[in-house]
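Biologist: Can you walk me through this one? I'd like to go piece by piece.

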Amino acid sequence: MAHAMVNPEGLHDPVPFGYSHTAAVSAGTDLVLVAGQYGSGPDGAVVSADFAEQLRQALRNVGTALAAHGLDLGHVVQLRTYVVNHDASRLGPIAGAVQGIWGAKPPTQTLIGVAGLATPDILVEVEALAARP
């Protein structure tokens with residue numbers, strides 16, 4: 001693997017919250033950037049009005065985008081998650097979705113609360129940075 005997640009002693013354990021503090025990427029590694037993906041089907045329409053389902057679909061869409069480069073979600077080193085009208089109730093679904101994919105070695109992640117996204121029915125958007133070994 002061309003990257004390693006590290007959670008230094010002296011910082012709280014971020015894994016239960018769905019992220020790691022740092023990611024180290026080896027020199028000479030190709031990086032693949034994935035634009036913000038939302039909970040859409042192939043037609044571009046949002047698949048559900050439910051936040052958790054939109055999040056799961058957005059992550060599946062990240063995986064589909066990475067597959068076009070011969071990569072999968074295991075290659076992700078960084079996520080940026082944009083949440084409309086964020087509140088603490090959104091943390092559980094986010095942490096659960098991330099742990100369900102990456103387990104004890106989640107990528108780094110920044111969660112950003114926003115007033116809105118491209119259309120009013122989009123509740124969450126996820127962009128990713130992946131490292132090719």
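**Salt bridges and surface**

Modeller: Let's start with E53. E53 is partly exposed, with a relative accessible area of 22%. Keep in mind that this is a predicted model.

Biologist: Which residue does E53 form a salt bridge with?

Modeller: With R56. The closest N and O atoms of E53 and R56 are 3.0 Å apart.

Biologist: Where do E53 and R56 lie?

Modeller: Both are in helix α1. They sit three residues apart, about one turn of the helix.

Biologist: Which residues are linked with E53 in a network of salt bridges?

Modeller: R56 and R60. The three form a network of salt bridges.

Biologist: What happens at the start of α1?

Modeller: D50 reaches in there. One of its side-chain oxygens comes to within 3.3 Å of the backbone nitrogen of A52.

Biologist: Which residues of α1 are buried?

Modeller: Among them are F51, A52, L55, L59, V62 and L66. The list also includes Q54, Q57 and N61.

Biologist: And what covers the buried residues of α1?

Modeller: The cover includes strands β3 and β4, helix α2 and strand β6. Strand β4 is residues 76–84, α2 is 91–102 and β6 is 124–132.

Biologist: Back to salt bridges. How many does the structure hold?

Modeller: Four. One of them joins D30 and R132. Their closest N and O atoms are 3.7 Å apart.

Biologist: Where in the chain are D30 and R132?

Modeller: In distant parts of it. D30 is in strand β3 and R132 in strand β6, 102 residues apart.

Biologist: How exposed are D30 and R132?

Modeller: Each is partly exposed. D30 has a relative accessible area of 45%. R132 has 26%.

Biologist: What does R80 meet in a salt bridge?

Modeller: The side chain of E127. The N to O distance is 3.0 Å. R80 lies in strand β4 and E127 in strand β6, so the pair ties together parts that are 47 residues apart in sequence.

Biologist: How exposed are R80 and E127?

Modeller: R80 is partly exposed, with a relative accessible area of 31%. E127 counts as partly exposed too, because its relative accessibility is 22%.

Biologist: New topic. Which residues form a nonpolar patch on the surface?

Modeller: V25, L31 and L33. Together they have about 290 Å² of accessible area.

Biologist: Where does L31 lie?

Modeller: In strand β3. L31 is partly exposed, with a relative accessible area of 46%.

Biologist: And L33, is that buried or exposed?

Modeller: Exposed, because its relative accessible area is 68%, and the cut-off for exposed is over 50%. L33 is found in strand β3, residues 30–38.

Biologist: What does L33 touch, apart from residues up to four places away in sequence?

Modeller: A128 and L129.

Biologist: How far apart are L33 and A65?

Modeller: In sequence, 32 residues. In space, 9.5 Å, C-alpha to C-alpha.

Key:
Residues are numbered from 1 along each chain as its sequence is written. This is a predicted model: local features need pLDDT of at least 70, side-chain atom pairs count only at pLDDT 80 or more; totals for chains, interfaces and linings use all residues. Side-chain values use heavy atoms; hydrogens and water are left out. Helices (H or I, at least four residues) and strands (E, at least two) are DSSP runs, numbered from the N terminus. Buried means under 20% relative accessible area, exposed over 50%, partly exposed in between (1.4 Å probe, protein chains only). Contact means heavy atoms within 4.5 Å. A polar contact is a pair of N or O atoms within 3.5 Å; within protein, one must be able to donate a hydrogen and the other to accept it, and residues adjacent in sequence count only if both atoms are side-chain atoms. Patches are made of residues with over 30% relative accessible area and no salt bridge: like charges are joined within 9 Å, nonpolar side chains (Val, Leu, Ile, Met, Phe, Trp, Tyr) within 5 Å. Accessible areas come from the Shrake-Rupley method with a 1.4 Å probe; for residues, only the protein chains shown count as cover.
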